[in-house]
Amino acid sequence: LLRSLSCSSLACNKFLFSAPKHSRSFLSKSSSVSAATAARYHRRLVPNRSLLRRNSWRSLPRASSHSSSLRFGLNNKHFSSLSPRAVASPPTQPSSDIAVVGDEVAEKLGFEKVSEEFIGECKSKAVLFKHKKTGAEVMSVSNDDENKVFGIVFRTPPKDSTGIPHILEHSVLCGSRKYPLKEPFVELLKGSLHTFLNAFTYPDRTCYPVASTNSKDFYNLVDVYLDAVFFPKCIEDFQTFQQEGWHYELNDPSEDITYKGVWVWVWVWALFPDNTYGVDSGGDPLVIPKLTFEEFKEFHRKYYHPSNARIWFYGDDDPSERLRILSEYLDMFDASTAPNESKVEPQKLFLEPVRIVEKYPAGDGGDLKKKHMVCLNWLLSDKPLDLQTELTLGFLDHLLLGTPASPLRKVLLESGLGDAIIGGGVEDELLQPQFSIGLKGVSDDDIPKVEELIMSSLRKLAEEGFDTEAVEASMNTIEFSLRENNTGSFPRGLSLMLRSMGKWIYDMDPFEPLKYEQPLLDLKARIAEEGSKAVFSPLIEKFILNNPHCVTIEMQPDPEKASRDEAAEKENLEKVKASMTEEDLAELARATEELKLKQETPDPPEALKCVPSLSLHDIPKEPIRIPTEVGDINGVKVLQHDLFTNDVLYSEVVFDMSSLKQELLPLVPLFW
């Protein structure tokens, strides 16, 4: 039995029936990453660490791959003849089945069409709308993907490290005007077929995405999210602020006061001392208690406004219905000045390098002299890069660090100077791209050696270039990853949304990140004409070797740091308690008990009834039918599935093993 998927039957037939010497089969079991795992990367952390990066090739694992094809292509020296190749074909033409919104309908609902394009890379019709009253921007992407995606994103640059963006992300999900429950989403999920539901806080924006394959369920989720972000209870409920932000806790006036709240420590970007990235959007535990309820409410009023929103729809639902749902909410607002106030100012480049030495809490076990960390970090540009340069930097990053055989990765790991690599290479989801590389588990005496090894390795690569076969393997791997767009259990529409948002959130073209085909062809042509050294060496020299905006961060282990920090916090709280009267302490104990009681009291039945849910009637009885064409080649049954796969051909060959004796089956893997 031979089974294949292709974007065209013609491609299948050409592949299956061509002479054997011209055949190339590609057998792959694609790896997937759970939504929980990927969300763990995105949520409240420095972004760009998951498979949902704008440059999707970074979904490839650093050390290894579960994909047999990629493993073969990168580790076998004969990859040049058998590695997976994605061959460009004529651009995909717009489908006549894709629904569109007429200008009159959009106008009636309060929107104007800004621009529209057919994106062949994802076989989608994308239309950018603008809400005339508020200026809210809406990207409506229509295609035949049943896994519908909605997302609303606000630009939320913090001015300090009190963690307002992150605290607010949690707080708005604690009940709203139409859904006045403590946790409406917990109840909503009991009767939902969602394929994704989460929220992310970036250093400069907050995202609220949902996805579902069921239309009614999808619009239920959209409505709950829109009501949550625009009309949350938290801006009028001080207890929600205490619960999700911080509060003093005192069970009895005779006890010590403690802090309670959502505290997540995030590394403060030393590369950005002068703009919003220099503070912690997740919140610094030492600064969070300075946040007031008034500041919390004002942040929501200013930034959670339609004028400051980017809204994304994707999938096979009715694009007119999308605008109708949005108009019900957006029409309740007037335009605001939020877009001007939320703009992220670029960091100016340093004139000379900077070195930072910090302590970090370490356990007493082991040799502390070998627990140092050192990382070199560069800010690559004082402004956003064009797509061609970004793409080329992505290839350079993969060449340097993307596989176990990558020269920079290999030389660091084989040096014996440290235990593991730190630093994520190229990071490009913020306004300005960065490059970071270093080692942890380093001996104190070897810190200078690590720094010199990094710089000398980069100088050598700039002078000599990369191995031709390595460049070809990297090109094949990245191009295949771009075409396949394998997002695992993440909805593909969400992957595209986050790609687009990387430009859109900074008032740039939201269509550009979705269109890699032409820049990729241009890069391949340039490498073929000029050679890879002429393409990549100038980038190493310009953005790294000759770039003074370099911050070297050395982290030294300190077994006493945690106890000192705890003692300092305790001393501060003792001062707070000493400043309170007996009446103040009694009131604090009463407020603590009141908050606990609210948290433990279930929602009343009448509130639970407002949560929308699905019934059996809302679930289709018929399954999705995959187009299947049954054929025969010399007695071998062949199944062909004519599906859009972006010029990637998948084939699976299955052998009937029923004639093999039971006791011999365990030996079959020896033939793999």
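**Ground rules.** I am working on a predicted model, in which local features need pLDDT of at least 70 and side-chain atom pairs count only at pLDDT 80 or more, while totals for chains, interfaces and linings use all residues. Residues are numbered from 1 along each chain as its sequence is written, and side-chain values use heavy atoms, with hydrogens and water left out.

**Overall.** I find 22 helices and 19 strands in the protein. Both are DSSP runs numbered from the N terminus, helices being H or I with at least four residues and strands E with at least two. Of the 672 residues, 50% are buried. Buried means under 20% relative accessible area, exposed over 50%, and partly exposed in between (1.4 Å probe, protein chains only). Among contacts with a separation of 6 or more, 78% join residues 24 or more positions apart; a contact means heavy atoms within 4.5 Å.

**Helices α6 and α10.** I took α6 (residues 164–171) against α10 (residues 293–303): they pack at an angle of about 80°, with axes 10 Å apart. Axes are lines fitted to C-alpha atoms, for helices over the stretch in contact, and angles run from 0 to 180 degrees between N-to-C directions. The two helices are therefore roughly perpendicular, the label for 65 to 115 degrees; under 35 is roughly parallel, over 145 roughly antiparallel, and the rest oblique. Ile164, Pro165, Ile167, Leu168 and Ser171 of α6 meet Glu295, Phe296, Phe299 and His300 of α10. By class I note six nonpolar, two polar and one charged residues in this contact. Ala, Val, Leu, Ile, Met, Phe, Trp, Tyr, Cys and Pro count as nonpolar, Asp, Glu, Lys and Arg as charged, and the others, Gly among them, as polar.

**Helices α18 and α19.** The axes of α18 (517–530) and α19 (residues 532–545) come within 6 Å and cross at roughly 110°. This pair is therefore roughly perpendicular as well. Leu523, Arg526, Ile527 and Glu530 in α18 meet Ser532, Ala534, Val535 and Phe536 in α19. The classes here are five nonpolar, one polar and two charged residues.

**Positive phi.** Asp507 has a positive phi of about 65° and lies in the loop between α17 (492–504) and α18. Asp507 is partly exposed, at a relative accessible area of 46%. Asn634 has a positive phi of about 50° and lies in the loop between β17 (629–633) and β18 (636–642). At 80% relative accessibility, Asn634 is exposed.

Gln434 lies in β15 (residues 434–442) and is buried, with a relative accessible area of 1%. A polar atom of the Gln434 side chain lies 2.5 Å from the backbone oxygen of Gln432. Asp444 lies in the loop between β15 and α15 (447–464) and is partly exposed at 37%. What does Asp444 touch, not counting residues up to four places away in sequence? I list Lys369, His372 and Glu554. The C-alpha atoms of Asp444 and Met373 are separated by 8.8 Å, with the two residues 71 apart along the chain.

Technical notes
Polar contact = N/O pair within 3.5 Å; in protein donor to acceptor, adjacent residues only side chain to side chain.
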